[in-house]
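Please look over the model below.

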Amino acid sequence: MRQLLKASISFGLIGCLVLSPIEFVPSTDLTVQAKSASTTVTAERVTTEYTKVYASRSKKAKVILPLTFGTTVYQNATSGSWTKITYKGRTGWVPSDTLMPTLISTEYLVDRTTDLYATLSTKGKRVTTVRSWSRVVKTGEYGKWSRVRVGGKTGWLLTSYLRAPYSNNRINRTVYGSHTYGVDTQAEYDAVYKRVKAEFDAKYNSPEFGFDEYVHRVLNGERGNNDPSSPEYMALDNSFLLDAEDALTPYFNGAMSLKTYEKMYRTNNFLRYIHSKYKSTDVVGDKNLKSAYDVLFRGKNDCDSLEQVKSLVYDLAGIDNVIIGDGVTHAALLFNVDEGWMGSSYKAYDKKDVDYTNANNIYISYTQTGHKIAY
């Protein structure tokens, strides 16, 4: 009972095991098959291996020129298992399975430090090292691999390492600065904001989210019996008093004023109400989960999507916040109150803490006023 009550009135962060990247879903099959003898199309393609361009649809035909791995060509037509292409003004036929679609200017983030390879293998020649959270331009995909361009160099890395950028040109209207709550479209943003704002206006100041009887009793000087050998120790009333005392630790140790603590207490109780009303299933490893919309409308969550809901609730309560993460395993929300920036320890960050946080975390959701927190 003590643990349940303690969990219900403390305001810790919601954790998770995996902060998953978002996979690109290809819309075109890599091998083009034509029912008719010839289907005319015009599209860019990239060679997936060394191949030869033949004068006709046969490997016994005259070789027009060779093409190296990763060459961009133009597809003109397909016939059976062959594709007619043009390269630097010369036209011929290549096996269709040596080509893949090319993607133009599709920007992604790389969620970990990895090498970029010249071929579709970690045993291939290393082109360069891509640092965690670098922006790359994806130009093609083949199997589990993506062809990307970064810093003027082109190579291959695993598609699972790519994440769609959180900043999105389709979100052109926000209420709280740069906070988009991880959504993909303006319609999703509007739906999320409208749902939570309506609940906030109707319920936030309700007495049910304020201090309960036991918090008031502890604030008035009453204390529970903390002696396990005492018969009184296991009494339900005593357990509630002890839990209320534990929950008030940030106030008692001077980390927060009573005014700040009361606001955080109410805000986090309201957040629990939102999670309870709009129930969602905890999912590990779903690479599409990242937004408040996933939680509130799709009924699924992981740590970063839950923290996006928390970010909106904090925004509505007037508490500036930022979601940080390592890009792989976890996401967490930091909040800014009168005492300064705080995290799960409820201890105000000093300059050293702020500098470390800014230098060692990947920002998933920016603060309302800037891209980094300030001391």
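Over which residues does pLDDT stay under 50? The stretch is residues 1-41. For these residues the model has 121 contacts beyond four places in sequence. This is a predicted model, and those contacts belong to a stretch where pLDDT is under 50.

**Confidence and make-up**

The chain averages a pLDDT of 82. At least 70 is reached by 84% of the residues. Among the elements of the chain, helix α1 (residues 2-9) has the lowest mean pLDDT, at 35. Helix α6 has the highest, at 97.

The chain holds nine helices and 19 strands. It has 375 residues, of which 48% count as buried.

**Helix α2 and its two packing contacts**

Two packed helices are described by the angle between their axes and the distance between the axes. Helix α2 spans residues 186-203.

| Helix pair | Angle | Axis distance |
|---|---|---|
| α2 and α6 (residues 258-277) | about 125° | 11 Å |
| α2 and α8 (residues 303-316) | about 50° | 10 Å |

Take α2 and α6 to begin with. Angles over 145 degrees would count as roughly antiparallel, and 65 to 115 as roughly perpendicular. The angle here is about 125°, and α2 and α6 are therefore oblique to each other. Their crossing is right-handed. On the α2 side, the contact uses Val196, Glu199, Phe200 and Lys203. On the α6 side, Phe270, Tyr273, Ile274 and Lys277 meet them. By class, the residues of the contact of α2 with α6 are five nonpolar, three charged and no polar.

Now α2 and α8. Angles under 35 degrees would count as roughly parallel. With an angle of about 50°, α2 and α8 are therefore oblique to each other. The crossing of α2 and α8 is right-handed. Helix α2 contributes Val192, Tyr193, Val196, Lys197 and Phe200. Helix α8 contributes Leu312, Val313 and Leu316. This contact of α2 with α8 has seven nonpolar residues, one charged and no polar.

Technical notes:
Residues are numbered from 1 along each chain as its sequence is written. This is a predicted model: local features need pLDDT of at least 70, side-chain atom pairs count only at pLDDT 80 or more; totals for chains, interfaces and linings use all residues. Side-chain values use heavy atoms; hydrogens and water are left out. Axes are lines fitted to C-alpha atoms, for helices over the stretch in contact, and angles run from 0 to 180 degrees between N-to-C directions. Helices (H or I, at least four residues) and strands (E, at least two) are DSSP runs, numbered from the N terminus. A crossing is left-handed if the near helix is turned anticlockwise from the far one by less than a right angle, and right-handed if clockwise. Contact means heavy atoms within 4.5 Å. Ala, Val, Leu, Ile, Met, Phe, Trp, Tyr, Cys and Pro count as nonpolar, Asp, Glu, Lys and Arg as charged, and the others, Gly among them, as polar. pLDDT is the predictor's confidence in each residue, from 0 to 100. Buried means under 20% relative accessible area, exposed over 50%, partly exposed in between (1.4 Å probe, protein chains only).
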